[in-house]
Amino acid sequence: LLTTAIVSTLSFVFAPAASAETAGTSNWTIEDASKIERTDDTTAPYIEPDFEKMAPELHVWDTWPLREKDGSIAKVNGYYVIFSLTADSDLLPGKRHDVATIRYFYSKDGKNWELGGKAFDTEQAYGSRQWAGSAMIEDGKLNLFYTATGRKGEENVTYEQRLALATGDVEANGKGISFANFDHSIILEPEGKYYQTEEQAEAGDIGYTFRDPWFFEDPKTGKEYILFEGNSAGTPAERTLDPAYIGSEDFQSSFDFVNQDFAKRFNGAIGIAEATNDSYTEFEAMPPILEANYVNQELERPHIVTKGNQYYLFTNTHEHKFGPDLTAPDGLYGFSSDQLTSGYEPLNESGLVLANPEDHAYQAYSWMVLPNGKVISFYNFHDLDGKNIADLGGTSPEYQMAHFGGTLAPTLKLAIQNDRTKIVNEQAPGKIK
Ligand code: FRU
């Protein structure tokens, strides 16, 4: 996502974790990322732009399934549910982030989706619009985590981002599923020590992020967390280069920055916070799980899949979010560790798990790996002649409308073996089961 930082007032919610200082944030280094290269195992098949949209009246992008607390996909009264960011399909695609609304779809087979409607009454939600999150059902209650972006009633769109929770009742009957009686809470804001505040970013950075809360129950400890997309704290002036950001000692001695001052402004981080009450309305920020200082600016929609003793941490990013010393595609990137908060090493050596084919480099985005190894994403753009269409600014409205996918892309099946992954096959668009 491209955003412009705009001043707003933040209230600081912060309590240092007792064990915080001993936890070791992992680095995605320049050395790792300089190895990024598409391979047969990491390149998705070309998508034919000929299948039907799941909801012709809507642009549909970031999507997440309703899960049980343990992360498995939930089935409620015979229905699977997915939540998606949506906007009217007559809107220019680049404008959709300013009006994003969370809607849900339900399905008996986990493949053919019926539009349910808005997840909740947006008047009651925090933010002038709502961005991505995650959803978990526990004791019949829906816990829908989302990003509250901007403020209610603002005259011009602003980009303040706060993590929020909506809890509601689930009503299921023979005709589908619906949600009611929501309570909304703000559950976390950046505190400026581990995670950058909007004000810190305004002192010279290229943007700030604090979004995409994703619920995670650690199977090893039973503790509850949210992961989220953030940025390493502080202003650029306050930051120093840790040689560990570059890589091994060997690599450090052979590496010269193209533009170190600019690279410094790339400070993407994968955040984590632990739940401190049973209703998930309070969380304590912990040091980031992983940082990409001098490497990448946006580590979007982080999520974990566990297998055996390993945590597999996945995130999405764009080509243009890599720093000046690196060239890498829009993609799904991943890391693994046998500990939740430290020790992450990039999968496939570089971190690249999945990219679009080189001549259709922007065909899909916002991948999410499900516990069954299926990867969902949305169908983004087709045939843009290799242009970077991140903001679509350079093309006519007609061209934008004709070339925006705005629906779920074919699902991909991923095989994960130790620290290697492989795209195994392609399945129906939006298939989660
Ligand atoms: C990824 C993303 C998310 C954000 C949403 C806003 O596609 O940037 O991080 O929640 O889009 O539309």
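## Strand β13 and its partners

Within β13, Ala292 is the bridge partner of Gly268. The model is a predicted one, and in it this contact belongs to the antiparallel pairing of strand β12 (residues 267-275) with β13, which extends over eight bridges. Strand β1 (residues 26-27) also pairs with β13, but in the parallel sense and over two bridges, with Asn27 standing opposite Glu291 in β13.

## An exposed loop residue

Asp139 is located in the loop between β6 (129-138) and β7 (141-149). With a relative accessible area of 76%, Asp139 lies above the cut-off of 50% and therefore counts as exposed. Between Asp139 and Lys69 there are 70 residues of separation in sequence, while their C-alpha atoms are 9.8 Å apart in space.

## Aromatic rings and charges

The structure has a count of 28 aromatic pairs. For Phe262 and Phe266 the ring centres are 5.1 Å apart and the planes stand at 85°, which is over 60 degrees, so this pair is classed as edge-to-face. The two residues of the pair carry separate accessibility labels: Phe262, at 35% relative accessibility, is partly exposed, whereas Phe266, at 4%, is buried. Elsewhere, ring pairs join Tyr245, Phe251, Phe255, Phe257 and Tyr294 into a cluster.

Charged side chains also lie over aromatic rings. Arg96 is placed over the face of Trp61, at 5.0 Å from the ring centre, and the charged end of Arg129 sits over the ring of Tyr159, at 5.1 Å from its centre.

Rolling a probe the size of a water molecule over the atoms shows where empty space is left. How many cavities of 30 Å³ or more does a search of the whole structure find? The search finds one cavity of that size, and the largest cavity holds about 60 Å³ of space.

The lining of the largest cavity consists of Ala44, Pro45, Ile47, Asn356, Gln363, Ala364, Trp367, Ser377, Ala409, Pro410, Leu412 and Glu426. The elements that contribute two or more residues to this lining are β19 (364-369) and β22 (410-417). By residue class, the lining of the largest cavity divides into eight nonpolar, three polar and one charged.

Notes
Residues are numbered from 1 along each chain as its sequence is written. This is a predicted model: local features need pLDDT of at least 70, side-chain atom pairs count only at pLDDT 80 or more; totals for chains, interfaces and linings use all residues. Side-chain values use heavy atoms; hydrogens and water are left out. Two strands pair if DSSP finds at least two bridges between them. Helices (H or I, at least four residues) and strands (E, at least two) are DSSP runs, numbered from the N terminus. Buried means under 20% relative accessible area, exposed over 50%, partly exposed in between (1.4 Å probe, protein chains only). Rings of Phe, Tyr and Trp (its six-membered ring) pair if their centres lie within 6.5 Å; planes under 30 degrees apart count as stacked, over 60 as edge-to-face and the rest as tilted. A charge sits over a ring if NZ of Lys or CZ of Arg is within 6 Å of the ring centre and within 35 degrees of the ring normal. On a 1 Å grid over the protein atoms alone, a cavity is a set of points where a 1.4 Å probe fits but cannot get out, and a pocket is an open set with protein on both sides within 12 Å along at least five of seven lines; lining residues have an atom within 4 Å of a point. Grid points are joined across faces, edges and corners, and a volume is the space filled by probe spheres set on the points. Ala, Val, Leu, Ile, Met, Phe, Trp, Tyr, Cys and Pro count as nonpolar, Asp, Glu, Lys and Arg as charged, and the others, Gly among them, as polar.
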